[in-house]
Amino acid sequence: MAKDKLKTFMLIFLVSVSLFFTKQIWFSEKLWSSDYNFFAKWESNTLLRSVFNRVGGGNSQRLKTDVSKERILNPQKFVVNIGGKKAIFRQDDRLYDQMNGVIKDIYTELLENTRQLNPRTVDEEEWFEVLRSKSLYAYIDFGIVCNIDVLGQILGIENTQLANHVQNFRESIIVPGDSISDDIVIYIREAKNIDDPSDDVFSRINFIYDKTKFGTLKELEDNDFPRYTFSFEQEFHRQKATSQVVIAPHVLIPSSRQYLPILQSYNMLDIENDRQVENILEAFDYSTNTLRQYREADGTLLYVENSSKLNIYPDGRVEYKAVEAGKGLKLKEETGVPTLHDSLRMAMELMEQVGLLNHSLHLTSHLVENGEEPGAYTFNFGYFYNGYPITMIRNNKPIDNPVQIKIVNGTLQYYYQYAREYMGINGMYSNVSMLNAVDGAYGAYEQDAGDAGKQMDITNITLRYFDKGNETKLLPKWSISVKDVKDTYVVPAVK
Amino acid sequence: MFKRLSVILTIVAAMLFLPVVSLAAPDKLEADAQGTVTGLIELSNFTGEEITTYEKSYILSGSGKEKVIITVYAYDDTLGFRKVKIVPEDNEEDTAAGTADKDTAIVHDMYTGIEADSNTVTDADTNTDSDISVQADTIKEVITDADTDTGQIKDLSWQIGASGRFSQELELTEGKNTFALYAEKDTETFEIIKMDITLLQKDVLTKIKDITVDIKEELKKLVPDGQER
């Protein structure tokens, strides 16, 4: 009797084990060659997957990011005039979202407006005067040039009347106006030549707007935010007999020490994380099973299909290349040539699907039509932390575009992403002022030029972080760009 | 021999210490003090007229010859012109653990070699590489002196650097503030610029806004509802 029970038990055990191993063999892609897989082929079938998922049997939860795509397109900073001094609000600052809401509302109304707009051309002096003295305005800096039609489409507006007057805008100022009329005033700096701001044209538009909506911004007046002044307000943009340095008028100069974050950077991509790799493969419509895949000695994963190649590197890079023009992943389903906005939307959705999107990414390429190659668009993205740009350095070379996507007529031609994430670990006050940094840079500039007393025209000064990939802490540095000089002078802002 | 040696030592000591003493601005200035030269420095937005502001601080900026030392004096009715004092703030790194982790030494790096980076797309039809990324700049890292004095009261004084530009914030008290800027190249060569800055009360500003609002309300009453202005 006991013997029979034991036999029954053994039988049940063996059958269970064989079922388990059969399931492993049939459905675990790791045990199959990539050449032929009957069950793998069926498992990766889209229709069957959707059915399978509905009955709850699938492990098909896509890795989702909780980062809003729209954040990528937000202005890099707002500059608010509070009683003559300026305060900067960046993406992670308190009140940024509030301001962004108000400004988005203003622009939506302006672009939706069907009444006659009468922009008036003004000169650069008026632009500077408004920047200097009007009480409580917002100077909006996207950091890029943006086509007005595209801006409208981003806000959900087609065919804006404003496009009849302004094509590509670089910067904007909103002035609440006087307290008698219901007008606010919007100044737009239009880029006639994307690469040369000296050709820009300035326009002023009077626009009726409900000023009670500005109410939430009034608390700015009572708060003690760090203050800045524009270079032109201190006349640093003018040549002086006692100085060899000229600083571009729009450069913001801090009036006091700034409290700056210290960062740490992380590789977002774990090449040993199968789910993450699968996510990437699915985003590019690669089957995880019926494909040619190779693994190099350094751990790099190489995938090849008829129309494209996909490389996933252990250091966080993902690179997709269509093997020929016109081949590659089809991102659109409709016929017709996709617009710039359509292509941008496709690029951002693809980034979201790849699963390596994070709040540090921001668009850095201009959103303007490509006159030379219609339908072909290249979108570049860079990393920022609270509005401060981050430059990646690898093999001693700066990487200008850590994320780059090229789409031609709705087909993906190229995708490159260096997946990094940046977090603030603590903070510190700067003890090297901007002008200290300029002094240091000028000394180096004189040496390089071999000409003591040579004038240095500074085109931009920003606080920036440099990620070399091998440091535990990233400290902020002043980054100084000089006209007609390829070098960027970098000076530590904390010591 | 001893006498000769002591004379030589005295001369050497004088040569060493006199330049240091000579560049120290005087502790006080007479109300009518004048400089020996002009043009050592040039102040921005300053015509010599009185300045009025509603802001509690004023940005003093301008340009000047390198190595000129500027010291700021504030005028007091009883004491005359006295040096303005400041207390530099602490600059310890703020960490969650509470202890500052000192920065490592700054490394003077130089990144060279501008090459086309790896972000290229090959056009198979024409067999050319189209570089679709912006070519990277080189970066030069520069070391400067930092202001590392913390916690000690010191004069509001600075030396103009190589760029020739300077910018300092002056704290104001309500009413008229009179400052003197003592710009010194050496004991023989110094310039004194006096400036009056009046800090107006914000009440004045509020009163102006109130009047504006009241006028607006009155104007509204003149226009019947529904009519366009």
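Author: Let us begin with a pair: A:D141 has A:E171 in strand 5 of chain A as its bridge partner. The model is predicted, so local features need pLDDT of at least 70, side-chain atom pairs count only at pLDDT 80 or more, and totals for chains, interfaces and linings use all residues. Residues are numbered from 1 along each chain as its sequence is written, and side-chain values use heavy atoms, leaving out hydrogens and water.

Reader: What makes strand 4 and strand 5 of chain A a pair?
Author: Two strands pair if DSSP finds at least two bridges between them. Strand 4 (residues 138-147) and strand 5 of chain A are joined by 6 bridges and run antiparallel, so they pair.

Reader: Why is strand 5 of chain A called mostly covered?
Author: Buried means under 20% relative accessible area (exposed is over 50%, partly exposed in between, with a 1.4 Å probe and protein chains only). In strand 5 (residues 168-175) of chain A, 8 of its 8 residues are buried.

Reader: Why are helix 7 and helix 8 of chain A called roughly antiparallel?
Author: The axes of helix 7 (residues 274-283) and helix 8 (residues 340-354) of chain A come within 8 Å and cross at roughly 155 degrees. Angles over 145 degrees count as roughly antiparallel (under 35 roughly parallel, 65 to 115 roughly perpendicular, the rest oblique). Helix 7 and helix 8 of chain A are therefore roughly antiparallel to each other.

Reader: Which residues of the two helices meet?
Author: A:N279, A:I280 and A:A283 in helix 7 of chain A meet A:L350, A:Q353 and A:V354 in helix 8 of chain A, where contact means heavy atoms within 4.5 Å.

Definitions and conventions
Chains are lettered from A and ligands numbered from 1 in the order in which they are written. Axes are lines fitted to C-alpha atoms, for helices over the stretch in contact, and angles run from 0 to 180 degrees between N-to-C directions. Helices (H or I, at least four residues) and strands (E, at least two) are DSSP runs, numbered from the N terminus.
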